[in-house]
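Welcome, and thanks for taking a look at this one with us. Below is a short tour, grouped by topic, to read alongside the coordinates on your screen.

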Amino acid sequence: MLNSDKSPVGAYLDINTIVDICVKNGIEAVHPGYGFLSENENFAQALKDNGVTFIGPTVENLNSFGDKTTAREMAIKAGVPVIGGSDEAFASAADAKKWIEDPANNCEYPVIVKAAMGGGGRGIRVVPTAADLEEQFGVASGEALNAFGDGRCFVEKYVTNPRHIEVQCLGDGTGNVVHLYDRDCSVQRRHQKIIETAPSIGVDPVTRQALFDDACNLLASANYLCAGTVEFLVDESGKHYFMEVNP
């Protein structure tokens, strides 16, 4: 039923065809699954415009948190700690290089380049030195473009040996958010989680509560609807930093 003229990935990113299938077959609701269009606000909006329920966050939620730079700005506004990095995403390595080299941005190597859209560990590359930037930015941007249709990437200071801890939350869309505790996702390969441990082991109780509070406050500030995972890095000193929100 999908467009056979397109590549497998292209077919699953074909919003018009998927929505047309839903309308012609009387589909009432769509659960977007994982990857592809699961975080795409245009897909959610197209379904909504055609009377099909998108099972997940609102279009506004997806628009806010789907773009990692916008999510970062929201975290700052909500008082949630973030890693030093760019407030905008760059379309080229040259633009990223210019930002990194600007003394006003106080950013030194190593840095990490991340896709502005999407998730799942794709479009992420560590850049140890300036000499590595062009190649690693190109790889990250290419992955992001192929997976999410947007090759823009932003830059953050690279945190050495962090723990990756997530807080699962549920929101009712009116500002009420509860957490379902935390899990440690630090064991990874190529930025993809291999093992998740719940609850996280060895986390200071004060840090754990701060993670819970910051996760809930951030989502509440956006009137978040449905399930969402707020991801943090915790450095070797126990300080935590917002990474992203995944629906």
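Which are the buried residues of H4? They are Val59, Asn61, Leu62, Ser64, Phe65 and Gly66. Please keep in mind that this is a predicted model. The protein has 8 helices and 10 strands, and buried residues make up 47% of its 247 residues.

**Overall form**

- For 247 residues, a compact globule would have a radius of gyration near 18 Å, and the 19 Å of this protein agrees with that.
- Along the principal axes, the C-alpha atoms fill a box of roughly 55 × 40 × 30 Å.
- If you count contacts between residues at least 6 apart in sequence, 56% of them join residues at least 24 apart.

- Helix H4 spans residues 59-66 and is mostly covered, with 6 of its 8 residues buried.
- The cover over the buried residues of H4 includes the helices H3 (41-49), H5 (68-77) and H8, together with the strands E2 (53-54), E9 (225-234) and E10 (240-246).
- Searching the whole structure turns up 1 cavity of 30 Å³ or more, and the largest cavity has a volume of about 60 Å³.
- The lining of the largest cavity is made of Glu39, Pro57, Asn61, Leu62, Phe65, Gly66, Tyr224, Val245 and Pro247.
- H4 gives the largest share of that lining, with 4 residues.
- By residue type, the lining of the largest cavity holds 6 nonpolar, 2 polar and 1 charged.

**The second largest pocket**

- The second largest pocket has a volume of about 210 Å³.
- There are 13 residues in the lining of this pocket, and those nearest its centre are Tyr12, Ile18, Pro32, Leu37 and Phe43.
- The lining of the second largest pocket has 9 nonpolar residues, 4 polar ones and no charged ones.

**Aromatic pairs**

- The structure holds 5 aromatic pairs.
- One of them joins Phe90 and Trp99 in a tilted arrangement, 6.4 Å from centre to centre with 45° between the planes.
- Phe90 counts as buried at 4% relative accessibility, and Trp99 counts as buried at 12%.
- Tyr181 and Phe212 also pair: their ring centres are 5.6 Å apart and their planes stand at 90°, so this pair is edge-to-face.
- Because Tyr181 lies in strand E7 (residues 177-189) and Phe212 in helix H8 (residues 205-221), the pair ties together parts that are 31 residues apart in sequence.
- Tyr181 is exposed, with a relative accessible area of 53%, whereas Phe212 is buried, with 4%.

**Backbone points worth a check**

- Asn223 is not a glycine either, yet has a positive phi of about 50°.
- Asn223 sits in the loop between H8 and E9 and is partly exposed, with a relative accessible area of 38%.
- The peptide bond joining Tyr109 and Pro110 is cis, with omega about 5°, and Pro110 falls in the loop between helix H6 (93-101) and E3.
- A cis peptide bond also runs from Ala198 to Pro199, with omega near -5°, and Pro199 is in the loop between strand E8 (192-197) and H8.

- Ala115 belongs to strand E3 (residues 111-115) and counts as buried at 6% relative accessibility.
- Beyond its neighbours within four places in sequence, Ala115 is in contact with Lys68, Arg122, Gly123, Ala144, Arg152, Cys153 and Phe154.
- From Ala115 to Ala11 there are 104 residues in sequence and 21 Å in space, C-alpha to C-alpha.
- Gln45 is in helix H3 and counts as partly exposed at 29% relative accessibility.
- Gln45 and Asp132 are 87 residues apart along the chain, and 39 Å separates their C-alpha atoms.

Terms used. Residues are numbered from 1 along each chain as its sequence is written. This is a predicted model: local features need pLDDT of at least 70, side-chain atom pairs count only at pLDDT 80 or more; totals for chains, interfaces and linings use all residues. Side-chain values use heavy atoms; hydrogens and water are left out. Rings of Phe, Tyr and Trp (its six-membered ring) pair if their centres lie within 6.5 Å; planes under 30 degrees apart count as stacked, over 60 as edge-to-face and the rest as tilted. Buried means under 20% relative accessible area, exposed over 50%, partly exposed in between (1.4 Å probe, protein chains only). Helices (H or I, at least four residues) and strands (E, at least two) are DSSP runs, numbered from the N terminus. On a 1 Å grid over the protein atoms alone, a cavity is a set of points where a 1.4 Å probe fits but cannot get out, and a pocket is an open set with protein on both sides within 12 Å along at least five of seven lines; lining residues have an atom within 4 Å of a point. Grid points are joined across faces, edges and corners, and a volume is the space filled by probe spheres set on the points. Ala, Val, Leu, Ile, Met, Phe, Trp, Tyr, Cys and Pro count as nonpolar, Asp, Glu, Lys and Arg as charged, and the others, Gly among them, as polar. Contact means heavy atoms within 4.5 Å. The radius of gyration is taken over C-alpha atoms; the globule rule is 2.2 Å times the number of residues to the power 0.38.
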